[in-house]
Amino acid sequence: MGAYKYIEELWRKKQSDVLRFLLRVRCWEYRQLSSICRLTRPTRPDKARRMGYKAKQGVVVYRTRVRRGGRKKQVPKGIVYGKPVTQGITKLKPKRNAQARAEEKVGRKCGGLRVLNSYWVNEDSTYKYFEVILIDPQHPAIRNDARMNWICNPTHKHRELRGLTSAGKKHRGLKAKGHLGHKRRPSERAVLKKNNAVRLRRYR
């Protein structure tokens with residue numbers, strides 16, 4: 001086995017003594033830093049490489065955190081002036097997963113970069129921590145790389161905001177293949193509109 005395989009096997013056993021100690025110490029460090037900070041190198045090099053990271057110019061890694069838990073409805077005094085069906089305040093969950101929200105947070109902060117992918121690094125009682133891989137689409141090293149310059153296309157601006165990253169496709173339900181996902185493509189809203197549209201075909 002190569003070195004990356006050993007690192008991968010180590011991260012698989014997150015309740016081992018080694019990793020429990022590492023995660024606890026690192027989590028303390030992350031809490032002292034700002035919510036979004038740039039790194040010199042990824043914490044999990046094996047995972048980062050699987051997600052598309054390359055140690056070259058134009059590729060950067062940021063770590064960010066998002067709050068854990070449900071999405072309580074933001075209404076004044078906890079009162080919803082409407083029908084009883086909409087009066088729930090607690091026990092509501094966000095549509096997007098925490099990883100997709102972390103990507104969006106970094107994507108908005110670094111508007112000139114493109115979000116490639118992200119991965120989990122740590123969590124505590126309050127936050128989940130993710131590292132986000134970003135690409136500089138203007139850098140010559142990226143524009144001249146035939147395997148990476150697809151992201152320089154303007155159609156990939158803010159792909160994290162449109163659910164086009166791996167985490168985004170997951171919360172959209174697009175990881176399901178075949179008959180399990182036929183009501184989710186191209187999107188749940190598009191399928192709903194298509195199925196509920198009234199088509200009155202004229203006789204010709």
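Reply: Let's start with Arg-31, which is partly exposed at a relative accessible area of 41% (under 20% is buried, over 50% is exposed and partly exposed lies in between, with a 1.4 Å probe and protein chains only). The areas themselves come from the Shrake-Rupley method. Before going on, please keep in mind that this is a predicted model, in which local features need pLDDT of at least 70 and side-chain atom pairs count only at pLDDT 80 or more, while totals for chains, interfaces and linings use all residues. Residues are numbered from 1 along each chain as its sequence is written, and side-chain values use heavy atoms, with hydrogens and water left out.

Arg-31 has a partner: it forms a salt bridge with Asp-124, and the closest N and O atoms are 3.0 Å apart (a salt bridge is a side-chain nitrogen of Lys or Arg within 4 Å of a carboxyl oxygen of Asp or Glu). This pair connects distant parts of the chain, 93 residues apart: Arg-31 belongs to helix 2 (residues 17-32), and Asp-124 to the loop between strand 3 (114-123) and strand 4 (127-135). Helices (H or I, at least four residues) and strands (E, at least two) are DSSP runs, numbered from the N terminus. Asp-124 counts as buried, at 12% relative accessibility, whereas Arg-31 is partly exposed.

Now look at Arg-65, in strand 2 (residues 59-67). Leaving out residues up to four places away in sequence, Arg-65 touches Tyr-30, Arg-31, Leu-33, Ser-35, Lys-105, Tyr-127, Lys-128 and Tyr-129 (contact means heavy atoms within 4.5 Å).

The structure holds 13 salt bridges, and a group of them is worth a visit. Lys-5, Glu-8, Glu-9, Arg-12, Asp-46 and Arg-50 are linked in a network. Within it, Glu-8 and Arg-12 form a salt bridge whose closest N and O atoms are 2.7 Å apart. These two sit 4 residues apart in helix 1 (residues 3-12), so about one helical turn separates them. How does their exposure compare? Glu-8 is buried, with a relative accessible area of 15%, while Arg-12 is exposed at 52%.

Some positive charges gather on the surface instead. Lys-169, Lys-170, Lys-175, Lys-177 and Arg-185 form a patch of positive charge there. Patch members have over 30% relative accessible area and no salt bridge, with like charges joined within 9 Å and nonpolar side chains (Val, Leu, Ile, Met, Phe, Trp, Tyr) within 5 Å; the place of a charge is NZ of Lys, CZ of Arg, CG of Asp or CD of Glu. Lys-169 is in helix 6 (residues 166-171) and is partly exposed, at 37% relative accessibility. Arg-185, another member of the patch, is joined to Pro-186 by a cis peptide bond, with omega about 0 degrees. Pro-186 lies in the loop between helix 6 and helix 7 (188-196).

Lys-95 is in the loop between strand 2 and helix 4, and at 59% relative accessibility it counts as exposed. Apart from neighbours within four places in sequence, Lys-95 is in contact with His-171 and Glu-188. Lys-77 is found in the loop between strand 2 and helix 4 (98-109) and is exposed, at 80%. Its phi is positive, near 60 degrees, in a residue other than glycine. Most residues other than glycine have a negative phi, and most peptide bonds are trans.

Notes: Accessible areas come from the Shrake-Rupley method with a 1.4 Å probe; for residues, only the protein chains shown count as cover. Lys and Arg count as positive and Asp and Glu as negative; His and the chain ends are not counted.
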